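I opened my notebook next to the viewer and jotted down what I looked up, one entry at a time.

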Amino acid sequence: MDCVLREWMPEDKYELSGLLNNKKILNNLRDGIPYPYTVSDAEAFISSMRSADKTKTFAFAIAVEDKVIGSIGVFRQENIHFRTAELGYYLGEDYWGHGFATSAVKQICQYVFDKTDIIRIFAEPFSYNTVSCRVLEKAGFIFEGTLRNNAVKNGRILDMNMYALVKSTVL
C-alpha cells in the first residue's frame, strides 16, 4: 500500500486536527502551529493552502486509501532564489516507519520538477531528527552541511542539517 498526494479538502479538517495534536510531531516542526491544534486551526490551514498562489505553494495532503495521514509542501523562495524551494512535511505518528514519508517526498519533488521551473528543493530538519534526515537521503537528497546554532525550539539552541535535491537541467 502506497500513499498518494492530493489537494486538501475542507472535510480533512478533522483528520488534520487529530494528527497535529501530538507534541512528538510539533517538536520537529517550526513554531507557529498552535497546541492544542483545533478543528478551527485545521480549517484555517486548509483554506490558506487551497487559496495559495499555485506558482509558489505546492501543498498537498498525504493520504492512504483517502485517509489523511500527513501533510507535505514545497514553497518557492524569492528574489535571486526564485527557482529554489523549501520542502516541509510530517506524518501522523501511527504512520511512521512504513515508507510513506519517503514516497511522499519523492512524489512531490517529481511533481515540482516536472510542472515548474524550480531547479533546487531544499530541506532543513533539526540535526537530532535522524529519521527525517534518513527520509531525505532515501529520496535522493544530498547532505550539504550542518547549520550550527541555527534555530531555537522549545528553549533550546539547535543545529539544523541542510539537504538539497537538484534538478538536472541546463539553464
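**Entry 1: a residue to start from**

In which helix does Ile108 lie? I found Ile108 in helix H4, which covers residues 100-115. A note to myself before going on: this is a predicted model.

Then I looked up what Ile108 touches, leaving aside neighbours within four places in sequence. The contacts are Leu5, Phe58, Phe60, Ile72, Gly73, Val74 and Leu87. I also checked Arg30, which is 78 residues from Ile108 in sequence and 20 Å from it in space, C-alpha to C-alpha.

**Entry 2: helix H4**

I stayed with H4 and looked at its span. H4 has 16 residues and reaches 22 Å from first C-alpha to last, close to the 22 Å expected at 1.5 Å a residue.

Which residues of H4 are buried? I wrote down Phe100, Ala101, Thr102, Ser103, Ala104, Val105, Ile108, Cys109, Val112 and Phe113.

**Entry 3: the nonpolar core**

I turned to the largest nonpolar core, which has 46 residues. Which of them touch the most other members? They are Ile72, Leu87, Val105 and Phe141. H4 gives the largest share of this core, with eight residues.

I then went through two of the pairings. E3 and E4 are antiparallel and share seven bridges, and Phe75 stands opposite Glu86 in E4. Strands E6 (residues 142-153) and E7 (residues 156-166) are antiparallel too, over eight bridges.

E6 and E7 form a hairpin with two residues between them. In that turn, Asn154 has a positive phi of about 50°.

I also stopped at Thr57, in strand E2. Thr57 counts as buried because its relative accessibility is 15%, and the cut-off is under 20%. Not counting residues up to four places away in sequence, Thr57 touches Met49, Ala52, Val74 and Phe75.

Where does Asp66 sit? Asp66 is in the loop between strand E2 (57-64) and strand E3 (67-76). Its phi is positive, about 65°, although Asp66 is not a glycine. Asp66 is exposed, with a relative accessible area of 56%.

Asn79 went on the list as well, with a positive phi near 60° in a residue other than glycine. Asn79 is found in the loop between E3 and strand E4 (84-91). With a relative accessible area of 67%, Asn79 is exposed.

Which peptide bond did I note as cis? The bond from Tyr35 to Pro36 is cis, with omega near 0°. Pro36 belongs to the loop between helix H2 (23-26) and helix H3 (39-51).

**Entry 4: the whole chain**

I finished by zooming out. The protein chain has five helices and seven strands, and along the sequence they follow the pattern β-α-α-α-β-β-β-α-β-α-β-β.

How does the radius of gyration stand against that of a compact globule? The chain has 16 Å, which agrees with the value near 16 Å for a compact globule of 171 residues. The C-alpha trace spans about 45 × 35 × 35 Å along its principal axes.

Buried residues make up 46% of the 171 residues. Among contacts with a separation of 6 or more, 62% come from residues 24 or more positions apart.

Methods: Residues numbered from 1 in each chain as written. Predicted model: local features only at pLDDT ≥ 70, side-chain atom pairs only at ≥ 80, totals over all residues. Heavy atoms only, no water. Helix = DSSP H or I, 4+ residues; strand = E, 2+ residues; numbered from the N terminus. Contact = heavy atoms within 4.5 Å. Core = buried A, V, L, I, M, F, W, Y, C linked by side-chain atoms within 4.5 Å. Buried < 20%, exposed > 50% of the residue type's maximum accessible area, 1.4 Å probe, protein only. Pairing = 2+ DSSP bridges. Expected span 1.5 Å × (residues − 1). Rg over C-alpha atoms; globule rule 2.2 N^0.38 Å.
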